[in-house]
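Please look over the sequence and structure first.

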Amino acid sequence: MKPFLSRDNLLLWLKRLLQEYTVIAPVQAWDTVLFQPVKEVEEILLNYDVSALSPKDVFFPTSETLFTFERQGGRWEARPLPEIKKQVLFGLHPCDAHGIALMDVPFLSPPADLHYQRRREATTLVGLACSRARPECFCESVGGGPQDPSHLDVLLIPTPQGYILQVRTARGAALFTGFNVEELEIDNPPPPVTTPVPVAGITEIARDTFNEVFWERLADRCIHCNLCAYVCPCCYCFDIRDYALKGRVERVRSWESCQAAGFTRLAGGYDPRPSKGARLRQRFFHKFLYYPTQFKGQVKCTGCGRCVRACPVNIDIREVASEMQRIGSRVARAA
Amino acid sequence: MLPDSPFLPLPARIQEARDLTPDVKLFRVEIEDPRARENFRHRPGQFAFLSAFGMGESPFTFASYPSPDGVLEFAIRRVGTVSSALHELEPGEAVGIRGPFGNSFPLEEYRGKNIIIIGGGIGLAPLRPVIQAVLSHREEYGELLVIYGARTPADLVFAHEFSSWGEAPRTRVELTVDRGNGDWQGRVALVPTVIKELKPSPENTITITCGPPIMIRFVLAELKALDFAPMQIVTTLESKMKCGLGKCARCNIGEKYVCQDGPVFSFSEISRFLEQG
């Protein structure tokens with residue numbers, strides 16, 4: 001017997017949720033899918049493949065005011081931060097929950113990034129397992145899966161009859177207080193199968209590919225549009241700038257990309273990483289070597305495939321991983 | 001209540017801003033809150049972010065050894081947005097400070113050793129706290145040799161302190177410029193050339209260098225030619241950074257974050273980096 005929500009009950013539950021919480025969910029936005037706060041249950045997409053952007057901006061907005069400083073008695077005082085209301089992030093797929101877990105590591109490591117942390121702590125994650133895999137999905141190759149409940153407070157697994165309910169945390173259970181959940185004798189539907197990508201062991205061989213001409217060759221066609229970083233559910237480079245407004249200063253944090261020209265350029269003009277190839281290598285080395293080295297071996301990729309689809313010049317992380325493995329094994333043979 | 005954010009700078013004030021060269025000022029900065037000032041303890045080699053409110057914040061290494069009055073010194077060249085904004089500020093005006101960040105020069109390990117300081121241009125700023133530390137505990141260290149060069153005589157920072165440094169026991173200050181002028185009686189040569197000329201011995205010696213990347217490269221070559229081991233050559237790296245906390249993912253050189261693992265590295269460490277800063 002498994003806890004189960006019929007479609008009607010799910011809608012009923014969501015209606016109740018909307019009265020108490022801000023609910024952020026996948027909605028149709030023009031010809032694409034985005035995570036947005038919803039007012040009506042009917043707006044929520046219960047059957048979608050992938051959103052154009054991951055919901056990482058719920059915690060790490062594209063642009064946010066870290067502080068507003070006001071001039072008081074000859075000094076600049078920071079205004080108190082606005083309150084964050086309790087909210088539910090509904091309908092994210094397991095890969096996007098994985099992305100949030102990967103961002104938690106740098107942002108919540110002491111000293112915690114307060115601005116991220118307070119949003120994270122105010123938010124309950126209700127995931128939706130995947131019924132289909134797209135050709136570019138490879139979550140299973142990076143430690144995830146279409147029905148992976150890790151990193152979620154609640155997981156819903158869609159079946160033809162309704163939704164199998166997995167409540168995993170007290171925070172998740174709180175959403176069901178006073179709601180009558182039925183139980184049903186039902187098997188989990190078979191998860192969709194993703195196409196394997198050779199990521200296993202890549203951290204160990206990455207160093208061997210550092211000096212390969214492959215990186216410059218691949219980067220030749222990069223137009224540094226930075227889309228790969230913006231659609232990535234776990235890219236978290238940021239910039240901080242000041243804006244002087246009337247009587248106040250806003251210190252603003254915005255998304256940034258390691259692919260941007262000048263990302264590492266110092267005042268005065270010296271740039272330790274001036275070439276496109278070195279910048280492209282930085283992207284994949286951060287994902288496959290630096291992050292795993294710093295943080296217990298996990299690669300910084302969820303296999304969502306967004307960057308594969310977004311890149312206008314077809315730089316494909318799956319091909320990069322394969323090529324790194326190929327070069328790595330060649331170096332190993334030569335050694 | 002103020003936000004308890006690691007990005008929030010402490011309110012501070014410029015106590016003094018003095019011209020060191022046509023484009024470098026020495027800022028003496030005082031944290032406003034006496035308790036915060038007391039708790040703010042930096043070590044030579046560390047850095048802090050200074051805010052010019054409305055223009056942004058940038059990292060600068062401390063140019064002074066911690067002083068009992070808690071006043072912090074920064075030698076800042078007017079070269080970018082924030083440094084230019086700081087140069088516009090007058091004594092008494094408000095700034096913000098966030099830090100200290102990073103590792104420091106392991107002065108304990110240098111005890112009993114000869115120390116060679118090799119600076120170029122504004123690169124003398126992060127080395128000055130080491131000079132001050134050695135001079136104030138002179139008996140604990142061996143010979144001190146300061147080799148310092150700038151483009152022109154007018155670009156030598158801390159010029160008013162050279163004579164007092166040179167008067168200390170077992171201490172030599174060797175100055176050089178790339179281009180002299182009418183008044184300049186001293187050496188006209190590049191810093192690496194001075195090393196070649198002086199031929200310091202690597203025995204029981206630590207060299208600490210900071211300056212433009214091109215100078216560092218040739219300094220390194222000269223020191224290697226004199227049989228200095230990479231372990232005996234220490235530098236402090238400059239890097240673009242936004243947070244100082246290992247989060248903004250900008251200052252990494254390979255697996256190392258300059259803000260957390262550095263900025264002080266020996267060349268035996270740097271030679272193992274994947275990237276070269």
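## Strand pairing and domain contact

In chain B, β2(B) and strand β5 (residues 72-77) form an antiparallel pair over six bridges. Within this pairing, B:V24 stands opposite B:R77 of β5(B). The model is a predicted one.

β2(B) covers residues 24-31. This strand is mostly covered, with six of its eight residues buried. β2(B) also pairs with strand β1 (residues 10-21) of chain B. That pairing is antiparallel too, and eight bridges hold it. One bridge there sets B:E16 against B:R28 of β2(B). The link from β1(B) to β2(B) is a hairpin of two residues.

| Strand paired with β2(B) | Residues | Sense | Bridges | Example pair |
|---|---|---|---|---|
| β1(B) | 10-21 | antiparallel | eight | B:E16 and B:R28 |
| β5(B) | 72-77 | antiparallel | six | B:V24 and B:R77 |

Now chain A. Its domain assignment gives domain 1 (2-67 + 74-184) and domain 2 (202-334). The C-alpha centres of these domains of chain A are 26 Å apart. Their contact takes 29 residues from domain 1 of chain A and 25 residues from domain 2 of chain A.

Which elements give two or more residues to the domain 1 side of chain A that touches domain 2? They are β4 (63-72) and α2 (94-108) of chain A. On this side, α2(A) gives the most, with eight residues. By class, the domain 1 side has 15 nonpolar, nine polar and five charged residues.

Terms used:
Residues are numbered from 1 along each chain as its sequence is written. Chains are lettered from A and ligands numbered from 1 in the order in which they are written. This is a predicted model: local features need pLDDT of at least 70, side-chain atom pairs count only at pLDDT 80 or more; totals for chains, interfaces and linings use all residues. Domain bounds come from an automatic or database domain assignment. Two residues are in contact if their C-beta atoms, placed from the backbone, lie within 7 Å. Helices (H or I, at least four residues) and strands (E, at least two) are DSSP runs, numbered from the N terminus. Ala, Val, Leu, Ile, Met, Phe, Trp, Tyr, Cys and Pro count as nonpolar, Asp, Glu, Lys and Arg as charged, and the others, Gly among them, as polar. A residue is buried if 20 or more other C-beta atoms lie within 10 Å of its own, exposed if 12 or fewer, and partly exposed in between; C-beta atoms are placed from the backbone. Two strands pair if DSSP finds at least two bridges between them.
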